[in-house]
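Subject: Handing over a structure

Dear colleague,

I am passing a structure on to you, and below it you will find my notes on what turned up in it. Please keep it open beside you while you read.

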Amino acid sequence: MSNFNYYIPCKILFGCGKLNELATIPLPGKKALICITADQVMRKMGYLDRVVDLFRQNGVESVVFDEVQPNPTSKGVMRAAELGRKEHCDFTVGLGGGSSIDTAKATAVVLKNGGDVWDYMGGITGKLAAVNGALPIIVISTTSGTGSEVNPFAVITKEETFEKIDLGSENVYPTITVVDPELQRTVPKSLTAFQGMDVLFHSAEGYICNCTTPYSDMYALESIRLVAKYLPRAYQNGEDMEAREGMCLANILAGMVESTAASTSEHAIGHSFGAMHPGIPHGAALSLVCVECFRYYAKWVPERLAAMAAAVHYPETAQGFIDFLQDLLKAVEADKIDYTRWGLDPARALEYAQNSYDVTQCLHDADVHPVPLEDCAEIIRKSLTR
């Protein structure tokens with residue numbers, strides 16, 4: 001507890017109506033590369049035009065990259081970087097959820113450092129080249145899920161080698177983060193559920209990992225409490241702005257947990273599912289395995305699970321937290337996910353487990369007690385057959 005670092009340098013604009021401040025606050029450049037998803041939701045909702053207009057009022061031009069995929073790929077990042085270089089953009093913007101945000105972050109690294117984005121990654125084929133700066137990054141979040149708004153990571157997938165990993169660097173902390181709950185009114189129920197569960201696991205895993213700090217513990221317990229209180233409400237009624245605001249704050253706090261602690265083997269498995277089956281939402285992947293993962297963790301850190309259970313007013317035991325998990329999954333209808341729609345197969349459990357070790361060993365390394373490969377595979381088998 002007496003030996004830790006703390007560094008989260010983001011300027012956060014939080015609250016309803018905060019998006020409008022982009023017209024008046026100092027911005028980090030004169031030409032923005034705005035990254036949005038290929039489904040064009042940001043255009044359809046009018047958010048893209050609104051951001052472009054606010055930038056224009058502030059004397060800033062905009063260029064739009066609209067090819068971001070749900071699990072952003074290295075090829076997509078390089079196409080975004082090509083556009084940004086051609087248009088002489090001097091900062092990037094992630095408008096949307098984690099995919100757009102992470103693309104903007106990774107693109108900012110490539111535009112500043114050159115080369116291929118995978119030069120700066122680890123995993124199996126990455127080179128772990130030094131990240132010597134990045135273009136400034138503005139984040140405008142329209143979902144509550146990834147914590148990328150305030151953390152130093154960009155999760156990118158290399159489809160050819162089934163690698164889904166973080167580009168981690170202090171240089172990819174956003175310069176400015178806008179969290180305006182009004183932008184989340186129309187988030188679909190399923191996305192609200194899956195992203196909300198991701199918020200929970202960023203905090204819960206950060207609370208039980210082997211590198212916790214007083215700061216991460218404080219943020220984690222409050223984030224978990226907020227998710228328990230507000231996720232079912234946001235799921236049932238997207239127009240419940242108190243619930244949306246509560247989930248926005250839970251997500252910001254979870255991102256701070258990621259910045260000061262770590263995710264664990266549960267996230268390693270989730271990334272493996274996403275790398276090998278790119279269509280699966282990350283929160284769905286985590287929801288599939290969470291109960292079996294925390295049953296396993298209960299053997300080694302029961303007191304930590306008990307503390308999380310107490311934070312959400314369940315019996316202060318490890319089983320109390322597992323009961324909470326099961327109840328929350330039911331409340332947001334994530335307890336019986338049809339994983340076959342994305343092609344997952346319990347017969348491939350060992351393959352998924354092996355991928356999680358090969359690509360994201362660092363997440364396994366954050367467990368208090370190492371999870372042997374066969375135990376990891378058994379967690380997956382049980383999760384996909386229960």
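Which residues of H6 are buried? Before the answer, please note that this is a predicted model, in which local features need pLDDT of at least 70 and side-chain atom pairs count only at pLDDT 80 or more, while totals for chains, interfaces and linings use all residues. Residues are numbered from 1 along each chain as its sequence is written, and side-chain values use heavy atoms, with hydrogens and water left out.

Helices (H or I, at least four residues) and strands (E, at least two) are DSSP runs numbered from the N terminus. The buried residues of H6, where buried means under 20% relative accessible area, exposed over 50% and partly exposed in between (1.4 Å probe, protein chains only), are Ser 216, Asp 217, Tyr 219, Ala 220, Ser 223, Ile 224, Leu 226, Val 227, Tyr 230, Leu 231, Ala 234 and Tyr 235. They pack against helix H5 (189–208), helix H7 (241–260), helix H10 (302–311) and helix H11 (318–331), with contact meaning heavy atoms within 4.5 Å.

H6 also bends by about 40° at Tyr 230, with the proline Pro 232 following within four residues; the bend is the angle between axes fitted to the seven residues ending at a residue and the seven starting there.

Turning to the strands, an open sheet of six has the order E1-E8-E5-E4-E2-E3 with parallel pairing, where two strands pair if DSSP finds at least two bridges between them. Its edge strands are strand E1 (11–14) and strand E3 (61–68), each of which pairs on one side only. E1 and strand E8 (residues 176–179) pair in the parallel sense over four bridges, and Leu 13 stands opposite Val 178 in E8.

Some single residues also deserve a look. Glu 266 is found in helix H8 (residues 265–276) and counts as buried because its relative accessibility is 0%. Leaving aside residues up to four places away in sequence, Glu 266 touches Phe 201, Glu 205, Leu 286, Val 289, Cys 290, Cys 293, Phe 294 and Tyr 297.

Gln 40, in the loop between E2 and helix H1 (41–44), has a positive phi of about 65° although it is not a glycine, and at 19% relative accessibility Gln 40 counts as buried. His 88, in the loop between H3 and E4, has a positive phi near 60° and is likewise not a glycine, but His 88 is exposed, with a relative accessible area of 65%.
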